[in-house]
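Good morning, and thank you for making time for this item.

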Amino acid sequence: MSRLFVIGLSHRTAPIEIREALAVSDDTVQSKLLEAARLCGEAMLLSTCNRFELYGSIPDGMADAAALSAIQELLTATRPPARDHLYSHVGEVAVRHLFRVTASLDSMVLGEPQILGQVKQAYALAQSVGTVGGVLSSTVPRAFQVAKRVRSETAIGQNSASVASVAVSLASQIFGQLRGQPVLLVGAGKMAELCARHLREAEADQFLIVNRTRSRAEDMAARLSGTAHEFHELESLLGRAAVVICSTGAREPVLRKELLAKVMKARRGRWLLLIDIAVPRDIEPQVGELDNVYLYDIDALQAVVSGNLSERQREATTAEQIVASELSRFQSRERQEDVVPVIKALRSYAQGIAQAELNKLLPRMPALAERDRKLVMQLCDSIVNKLLHAPLTALKRSASGGDDPQSQLDLAEAVRQLFPLQLPAPQEASEGGASPEPLPLSPEQAAATTERRAPPPTETEPT
């Protein structure tokens, strides 16, 4: 079964100061990957603002505890306090963790889309460094498929889940195309800038910044490619703007109904979206009573966010079912990959013995007609197939999930102990995860096959 492991920490287990301490720069990731690969053969490092995780494979013959301890030492060598926040998973639990992380079921904001791209970048980097082997190449692409299913079969990422993203969603619903729609920032707070950055990502391209401290307005204008203005220009700027984001530190409202009534009369019916994220509020609640004015304060925005998060949580139930289904399929495939070589080796061993006996018998019967020679060969095939029917059926059943994994492993090991089988050397999977070879033919199908394999080199060592 899978030797995948993951060691790391996330927003669920560590405060931001610990996560920041472990974060690695782009130019040091490669060296960290190579160091880890020397310990465990394979390595992929996922480093984001909310998690720091190393994925790899535990080498055959190395105890889980020893491997994990060595990796923990590597990850926290310069930050020993981080060890208290680490978690580690091996095998099935590690695979499930990877599937959930990639599908954004373990994210701080449930359903956010960025994590899938971050995992893809981490995988691509590990490939370029040469630290991806059979375990990662068969598991990580499967995680991408799980995330794709979750995105396409659920609505987990369709509703805005932050104040800034809700602001963008509201603006898009009201104005449609945001390009060419002026955005006025009243106050230069961090939340206002975050909203503005989200609006810019939605193609808003005109930002007007007003702040009582002119230098702060100019600094923000430079970051947003906007323009800074004096506070006395507020009325004229309100006449130009389509979206207004307020975040001053004033103790009294900055925008009152009287002012906005005058502004709206001059706008002649053009819609105005007001987003008040200040506490205390910057905009009088009565402003929302004006025609063609859409006013949302922080409580209204948070209510939308909470409702959307509740909807995402409901969708997460379906997403978890998809993860469980894909995990079951992954485990079944791994069981097949474990058992198929034993099935093929057992059939090859039995057929080799039968062929060796035929090679000794047929030269002693030169007068045997061709029809009779075929009958003798078919008889050997039939005997081999009937003898192998029960053990092959049991192995196939275990490979398809009919038995629990431990029983399957015990059965395969028993076959190895009973017969001197020559198993092929394990091969690394392709980047996309190679599909398992099909199970051998049934006894009836094999009996109908007349083609013979080449005779083995010796009687005691059939190939």
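Let me begin with a definition: a salt bridge is a side-chain nitrogen of Lys or Arg within 4 Å of a carboxyl oxygen of Asp or Glu. What you see is a predicted model, in which local features need pLDDT of at least 70, side-chain atom pairs count only at pLDDT 80 or more, and totals for chains, interfaces and linings use all residues. Residues are numbered from 1 along each chain as its sequence is written, and side-chain values use heavy atoms, with hydrogens and water left out.

First, confidence. The pLDDT, which is the predictor's confidence in each residue from 0 to 100, averages 84 over the chain, and 87% of the residues score at least 70. Helices (H or I, at least four residues) and strands (E, at least two) are DSSP runs, numbered from the N terminus. Over residues 427-463 the pLDDT stays under 50. For that stretch the model has 69 contacts (heavy atoms within 4.5 Å) beyond four places in sequence.

I turn to the charged pairs. The salt-bridge rule gives a count of 25. In one of them, R83 meets E73, with the closest N and O atoms 3.1 Å apart. R83 lies in the loop between helix 3 (64-75) and strand 4 (87-90), and E73 in helix 3, so the pair ties together parts that are 10 residues apart in sequence. For accessibility, buried means under 20% relative accessible area, exposed over 50%, and partly exposed in between, with a 1.4 Å probe and protein chains only. R83, at 35%, counts as partly exposed, and E73, at 42%, counts as partly exposed too.

Which residues does R100 meet? Its side chain forms a salt bridge with D106 at 3.8 Å, N to O, and another with E320 at 2.8 Å, N to O. R100 lies in helix 4 (residues 92-102) and E320 in helix 12 (residues 298-361), so this second pair ties together parts that are 220 residues apart in sequence. R100 counts as buried at 16% relative accessibility, D106 is buried as well, and E320 is partly exposed at 25%. Salt bridges that share partners join R12, R51, E53, R96, R100, D106 and E320 into one network.

Next, the aromatic rings. Rings of Phe, Tyr and Trp (its six-membered ring) pair if their centres lie within 6.5 Å; planes under 30 degrees apart count as stacked, over 60 as edge-to-face and the rest as tilted. A search of the whole structure finds 4 such pairs. F99 and F330 have ring centres 6.1 Å apart and planes at 85 degrees, so they are edge-to-face. This pair links helix 4, which holds F99, to helix 12, which holds F330, across 231 residues. Both F99 and F330 are buried.

W271 and Y294 are likewise edge-to-face, because their centres are 6.2 Å apart and their planes stand at 85 degrees. W271 sits in the loop between helix 11 (257-267) and strand 9 (272-276), and Y294 in strand 10 (residues 293-297), 23 residues apart. W271 is partly exposed at 38%, and Y294 is partly exposed at 31%.

Finally, charges over rings. A charge sits over a ring if NZ of Lys or CZ of Arg is within 6 Å of the ring centre and within 35 degrees of the ring normal. K120 lies over the face of F144, 5.7 Å from the ring centre. The charged end of R212 is placed over the ring of F231, at 4.0 Å from its centre.
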